[in-house]
Structures are given as C-alpha cells and as structure tokens.
Amino acid sequence: MNTAQRKFLIERIQQKTKDKIKVLQNNKMDLPSIDNYIFKAILTDNLELQPSEVILSALKAKAKRAKAGENWLSEDRIGVYKSTTIRIDIKELIKLPNDYNEELERVIEHNDNINKEIETLKIQLDTIEIRVQLASDKTLRNLVNEVDDMGSLSIIDTKLKLLS
C-alpha cells in the first residue's frame, strides 16, 4: 500500500470518526432551565429561601471581592437599577427544587457518558493512525479485505492487532 493509499485510508477513518463524534455531540442534552423549576415551586408553594446565614455569607463574599469605585452590589454601571438591585447567585438566595437537582444530575451523567465515549474514540483514532502508518502492506491489504465497516474504530483496532 503506497503513501497515497495509506493517507486515503487514514482520512477515511478520520472522517468516519468525526461523523460519529458529531452524532454523539448532537445527542448531548441541554441543562435544565432553573427558571421553569422555580416557577413551578412558586406556584406550588414549595419555594424555600436559604437560611439568612447563607445569604449574608454570599453578600459578605461579594463585598470582599469588591474593587474601589465599583458598584459591587448590582454590578450595573449605569441606570436606575444600579442602586436598587443586589445580584447574587440564585442558589445563594433560594434552595434549588429537588426535581431540578435530580434532572440536572441525570443530564450531567448522560453528557459525561457521551464525553467519555468521545474521548475513547479520539484515543482509538490516534492509535489507529500510528498503526496504519507503521503496518506492512500485507497487513493493510488484509485489513481492508476483512473489515466491512471502516468507521468502526474498535473493529479496525482489533484487526490491526491480530494481523500484526
């Protein structure tokens, strides 16, 4: 197998891998919207404020990070809300609804699994690229003849190991 053929084989495998990664990326879920869960908690009278110690601690931390001449309470530079608004993270003001936390955990776990799969594909691709470059012509001919799905990195990797 000459250099052009090896390059073609590697590019074909790279493209199949990129396509699989794109499909996996598209299967990632968006994080749940806290707005909807808070709205539901308000309407069902289940919204709970954080204890005053948590809120005051958040304000104290914000004050410690303040810089001279900065509007540290609202972080607005101009406008009517500059002196009438305090901005802190929502989780420092209210207790996040349980159903939100459960959904958030589910989505994060789902996306983490996809990220692990993507990382595995990238590692396999790197390994296969090196093996294709180093493999003998005979090994690559046998690989092309035996592997029907050139996009399956695990099959290609296994065949390369067996044929070498």
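How many salt bridges does a search of the whole structure find? It finds five. The model is predicted. Some points on the pairs, the helix packing and the surface follow.

1. **Glu11 and Lys7.** These two side chains meet in a salt bridge, with an N to O distance of 3.9 Å. Both residues belong to helix α1. They are four residues apart, so about one helical turn separates them. Lys7 is exposed, at 51% relative accessibility. Glu11 has a relative accessible area of 40% and is partly exposed. The cut-off for exposed is over 50%, which Lys7 passes at 51%.

2. **Arg106 and Glu103.** The closest N and O atoms of Arg106 and Glu103 are 2.9 Å apart. Arg106 is partly exposed, with 43% relative accessibility.

3. **Lys122 and Glu119.** Helix α5 also holds this pair, three residues apart, or about one turn of the helix. The cut-off for a salt bridge is within 4 Å. Both partners count as partly exposed: Lys122 at 39% relative accessibility, Glu119 at a relative accessible area of 43%. On pairing as such, side chains of opposite charge can pair when their charged atoms come close.

4. **Packing of α1 on α5.** Helix α1 covers residues 3-26, and helix α5 covers residues 98-134. Their axes come within 10 Å and cross at roughly 180 degrees. The two helices are therefore roughly antiparallel to each other. From α1, the contact is made by Arg6, Leu9, Ile10, Ile13, Gln14, Thr17, Lys20, Ile21, Leu24 and Gln25. From α5, the contributors include Ile114, Glu117, Ile118, Leu121, Leu125, Ile128, Glu129, Val132 and Gln133.

5. **Surface patch.** Which residues form a nonpolar patch on the surface? They are Phe39, Ile42, Leu43 and Leu47. Together they have about 400 Å² of accessible area. Phe39 sits in helix α2, which spans residues 34-43. Phe39 is exposed, because its relative accessible area is 53% and the threshold is over 50%.

Key:
Residues are numbered from 1 along each chain as its sequence is written. This is a predicted model: local features need pLDDT of at least 70, side-chain atom pairs count only at pLDDT 80 or more; totals for chains, interfaces and linings use all residues. Side-chain values use heavy atoms; hydrogens and water are left out. Patches are made of residues with over 30% relative accessible area and no salt bridge: like charges are joined within 9 Å, nonpolar side chains (Val, Leu, Ile, Met, Phe, Trp, Tyr) within 5 Å. Accessible areas come from the Shrake-Rupley method with a 1.4 Å probe; for residues, only the protein chains shown count as cover. Buried means under 20% relative accessible area, exposed over 50%, partly exposed in between (1.4 Å probe, protein chains only). Axes are lines fitted to C-alpha atoms, for helices over the stretch in contact, and angles run from 0 to 180 degrees between N-to-C directions. Angles under 35 degrees count as roughly parallel, over 145 as roughly antiparallel, 65 to 115 as roughly perpendicular and the rest as oblique. Contact means heavy atoms within 4.5 Å.
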